[in-house]
Every structure is written in C-alpha cells, then in structure tokens.
Amino acid sequence: MKIKFCGASSGVTGSCHLIESGTHKILLDCGQFQGGKPEDLMNYEPFPFEPAEIECVVLSHAHIDHCGRLPLLVKRGFTGQIYCTDATADLLDIMLKDSGYIHEKEAEWQNRKNERAGRELIEPLYTYEDAAATMQYVTPVRYDQLIEINPEMRIVFNDAGHILGSAITELWVKEDGREAKIVFSGDLGMANRPILRDPVYIKKADYVIMETTYGNRLHPENGNSVRGLLDIVVDTINRGGNVIIPSFAVGRTQELIYEFNNFYNSHEDYRETLDKVTIYIDSPMATSATEIFRRNAQVFDEETRDFILKGDDPLDFKNLRFTRSSEESRQLNFDSTPKVIISASGMCEAGRIRHHLKHNLWNARNSIVFVGYQAEGTLGRALLDGVETVTLFGEEIQVRAEIHNLEGFSGHADQNGLFAWISHFVKRPQQLFLVHGEQESKEAFAELLHEKLGMDAIVVQGNSEYELDFNAGNIVTGGAVQTDSVSIDEIRKMRKSISDIHNEMEHILYNANLAIGPEVSAAKMIRIRNMIQELEKATIGLGTAVTTDQLTAEEEPFESETDRKPE
C-alpha cells in the first residue's frame, strides 16, 4: 500500500492524499490551494495522478481547502463516488456552487483586462455548472456507519468537532491477506466549544495522517476571546465606529451568531449599548449555511440541544439581520449608524468582505476583528502582520482601523488539543504523518511528540510518497475489525438514550405546536416545518440503523473501534 501526499503537505491548504492498494486508488479530500497568486496557480496544475483512475473520494468536511477541487477532478475525468457525512453533503452543495461562481467572475474580470491589453483569454478553474454536476457523485452517510467502498476497503466517519459534518475517517484496507487501519484526522476542532460536539478520540490505528495547523501554538481561553469580542464591540460602537469581522461562512459565522445571542441574553450591564447595535451577516453563503445548521440539529452538542428544547433558537436574536442582495450589502457602507458586519471570506481573499475593508480600514474609529486562521500570502495575514497600506479594487487604502486577533474562536485544535487527541491512541501507530501545517508548526509538534511520548513522526514535505509494509511490525486489526467489547450496562444506557430521544421528540413537537398561533410568521413556520422534517429523517434513520436483533442480543454485545465519549 502507498500513501502519496498531493496537497496540504507544505502548508495548510489543498488537502489531498492518495491511497493506493492493489488495483484500488482513492483520495482523502481534494481541496483547493488558497493564499496569494502562487497558491492560486497551483490549482491549475495537473493532478499528480490520473483523475479517471480514482475510484472514490473520502471527504473530511466542506471547507474549500478540503473540497474545492472536486469539480475540477470531475471535469478532468473522475466519475466515482464522493463519500461524506450527510451534513457535509448539505454544505457541499452551496460551497462548491459558490466557488464555481467566484471562479467564473474572476475569469470574466481578468479577461476584460486581457482583452484590453491584447493578451490571451483564460478559462475559469471550473464553473457553477461544473460544481452542480459534481453533486451527482456525492454519497451522504451518517456518523458511525460502516461503509464498504470496495471489497478491500471500509470506512467509518467520526465527529471531528471542527465544523458541521466534519469527520475523522477510519479506513480499513485489506492487502495480501492482511488488514491494516489508517486514520485520517481531517481538521480537528477544539473541545468545549458551542454548537458542535467535541472531537472523538480514536483508540487504535496502524497509520495516522494528522493535521498540525496549530502544532506550535496555544489558543487563549475561548471565554477570554468571547469577553474580548464583547469589549471590542462596545468600545467601538460607543466611539461611533463599525466592527468588521472577516469570517468563514461555514462554522465560524454560526458560532459568532451563537455568542452574540448569548450577549443579548446574558449581559444586562451592556444592555443599553447592545440594544442599539445591529449585527449584519453579509454573505449569501453564510445565510444559506446557517439554514443548513438549523436543519442538522441532530449533530449539535447537548448545550445547544437544550437551547432548542427550551424553545430558543440559538442561531437567531432580535438584532440579527441577513443581507442577500448586492444592493443590500452596498448600502451597509453608506449607512453611518454604528454596526457589526460579519462577512466572508475569512482570509479576506474574495467576496464582500473586501468592499467592507475598503470602506472601513481607513477610519480609526472602526475595528477589524479576525476570528480564524490567516494563511501566509493572504490579505488577512498581511493586516495581522501590521501592513500600513493595502490595495483594494485598484485603490490604495491606509490602515488606520484597530486590528484585533481573537484566536480563541479558532475552529482548529491548538497544540494541547492536538496532543490530547494523539495521546488517546491505546496502541501507538506504526507511522504518524504530519500534514496541514506550515513547516515550523509541523516540526514543533513532531519535537513535542518525541519529547513527551517518544514518538517519531514523519514531517511530510511536498508531494512525497510512502510505501506502507503490512508485514513490518504488528498490524492492529489483523484481518478483521477487532474492537473492545461493550458491557451489558452500556447497552442498557444505549436503550435509555433511545428512550430519551423519543421524549425529546415529543417535547419539541409539543413546543412547535404551541408556537403555531394566529400570529406565526412565515419564517417561523418554515423553521418549524424544517424541524419536523428533520425529526422524520432522524426517526427513519433510527428505524433503519437499529434492528430488532441488535436491541435484543444482550449476550452478544456490539463492538466499537472508538472511544465515543471524548474526555
């Protein structure tokens, strides 16, 4: 078996790893390179494999640096299945179409310049239609569902806690009569964060491919960043300025909505200021993504589910406004009322955020607040590094606004979170490959693992390839999925969980019934209808996933490869 690293091997974007065994070739992710012009040009290069030979893609999540070249893969000959969680499939539809639209518009803009200069016209990387055509190959699956992708390979998705639907992939591969297990971390989230569940800890693997975005850094406490954001908003609004937050449309924006909801509910001391502040979500994709979050409440953490059970929508509050049209977006920059604008893209490389920066960076009363990772070569990183002027839409802009970096909002595990995740393997992997990190981050994390665990990790560099010898050392799985058995007490707990779900459904439906009064709004009716549809979906899922035999076979407890209760 071979692993070839084809992206996110020298940086944090372009995630793509080729697994080759016998006649089978599969990809883990197929992401877009992001950053400056050199990274953009990398997307146009040929894949280091033949797309038509790829049997399937196993997708960790819907961020563009992990899924953004799927339409290009299809365009160049791929016709296999794209396996991902059901929530990722929902998000993928809007993410890829939005990406295709952006590539079309960028090509149109460049071609106008090329035509005037007498240069050759260019083609977009892919189009909206290419993205739409890609969706026919998407196969959604649920967390914890064992899927046979071919006679020699099986996968299971576990919650990564990074964004909605994000997954840690367990992959079993049979070769020459033996079976080994690869674990791909995808992007790991932080523990104890709102909305999403904590990342699942895996017990066993032969080989691990692990992200190291923050392998050399620790995040501030999230509570401190939340309080810091509140202080920035209040201070900026009181001096008559705007707060501009570049934010990833999927994940970070919904967490910000959740925290602003808490602000309005919990901070009486700031009530007067908060009551006069409008929070604008100025991103059509973020608006659509928020609706997808509402439709996938089945994967929320317990705290967020408790909010919903109490009749509170954690992704809505009275001063929240969503803008869809370009005209609505433009008007925000001609309205002198102090406000908060949350807009994509998160690294300021495209989208409406660049217009808001053009209109707000020059004014010292305003604040620009970064709440996510800023890759090298991006405008976001330049602003954090203290650049004094930037060029936006051909105009030089002085940077006078306050620039803030609240890393506690990061959707990525920091060094401690990464170390905790790899430390939970009961049996040490034969080989650990570090990817998805800048060089110093990967090296620092490798050094930490050697010092604390005596583990020698491989710091992946460039499009490198490794041969995995199934006969070297002990193979964890040994030809079958061997797992730790579960006690009868745990089966009883599972039965109780099913009973609790039933009670929760009744409670939700009761509250929904009360909510449908004579004054119910159309928007609220849509949310209630969506909720009922999700309950139907969940009920059908339980009916197909849990058989009578499984519920009655106490003398034959089921087995699980993972520790399903993250510590």
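# Rings, cores and a helix crossing

Visitor: Is F33 buried or exposed?
Guide: F33 is buried, because its relative accessible area is 9%, under the 20% cut-off. Keep in mind that this is a predicted model.

Visitor: Where does F33 sit in the chain?
Guide: F33 lies in the loop between β3 (24-28) and α1 (37-42).

Visitor: And what does F33 touch?
Guide: Not counting residues up to four places away in sequence, F33 touches C6, G7, A8, T13, G14, E39, D40, M42, N43 and R69.

Visitor: How are F33 and V12 separated?
Guide: They are 21 residues apart along the chain, and their C-alpha atoms are separated by 8.5 Å.

Visitor: Changing topic: which aromatic pairs are there? How many does the structure hold?
Guide: The structure holds seven aromatic pairs. One of them is F5 with Y466: the ring centres are 5.9 Å apart and the planes stand at 70°, so this pair is edge-to-face.

Visitor: Where are F5 and Y466 in the chain?
Guide: F5 is in strand β1 (residues 2-7) and Y466 is in strand β23 (residues 465-467). The pair links distant parts of the chain, 461 residues apart.

Visitor: Which residues are in a cluster with F5?
Guide: Ring pairs link F5 with F433 and Y466 into a cluster. F5 counts as buried, at 0% relative accessibility, while Y466 is partly exposed, with a relative accessible area of 21%.

Visitor: What about F47 and F49?
Guide: Their ring centres are 5.2 Å apart and their planes are at 25°, so that pair is stacked. Both residues are buried.

Visitor: Now the core. How many residues has the largest nonpolar one?
Guide: The largest nonpolar core has 107 residues. Those with the most contacts inside it are L70, I149, L229, I245 and F260.

Visitor: What is L229 in contact with?
Guide: Leaving aside neighbours within four places in sequence, L229 is in contact with I245, L256, F260, F263, V369, L406 and F409. A second, separate core has 25 residues, including M190, I202, W421 and L432.

Visitor: Last topic, the helices. How do α7 and α9 cross?
Guide: The axes of α7 (residues 252-266) and α9 (residues 284-295) come within 9 Å and cross at roughly 70°. That makes α7 roughly perpendicular to α9.

Visitor: Which residues meet there?
Guide: From α7, T253, Q254 and I257 meet A286, A289, T290 and F293 of α9. The residues of this contact divide into four nonpolar, three polar and no charged.

Notes
Residues are numbered from 1 along each chain as its sequence is written. This is a predicted model: local features need pLDDT of at least 70, side-chain atom pairs count only at pLDDT 80 or more; totals for chains, interfaces and linings use all residues. Side-chain values use heavy atoms; hydrogens and water are left out. Helices (H or I, at least four residues) and strands (E, at least two) are DSSP runs, numbered from the N terminus. Buried means under 20% relative accessible area, exposed over 50%, partly exposed in between (1.4 Å probe, protein chains only). Contact means heavy atoms within 4.5 Å. Axes are lines fitted to C-alpha atoms, for helices over the stretch in contact, and angles run from 0 to 180 degrees between N-to-C directions. Angles under 35 degrees count as roughly parallel, over 145 as roughly antiparallel, 65 to 115 as roughly perpendicular and the rest as oblique. Ala, Val, Leu, Ile, Met, Phe, Trp, Tyr, Cys and Pro count as nonpolar, Asp, Glu, Lys and Arg as charged, and the others, Gly among them, as polar. A nonpolar core is a set of buried Ala, Val, Leu, Ile, Met, Phe, Trp, Tyr and Cys residues joined through side-chain atoms within 4.5 Å. Rings of Phe, Tyr and Trp (its six-membered ring) pair if their centres lie within 6.5 Å; planes under 30 degrees apart count as stacked, over 60 as edge-to-face and the rest as tilted.
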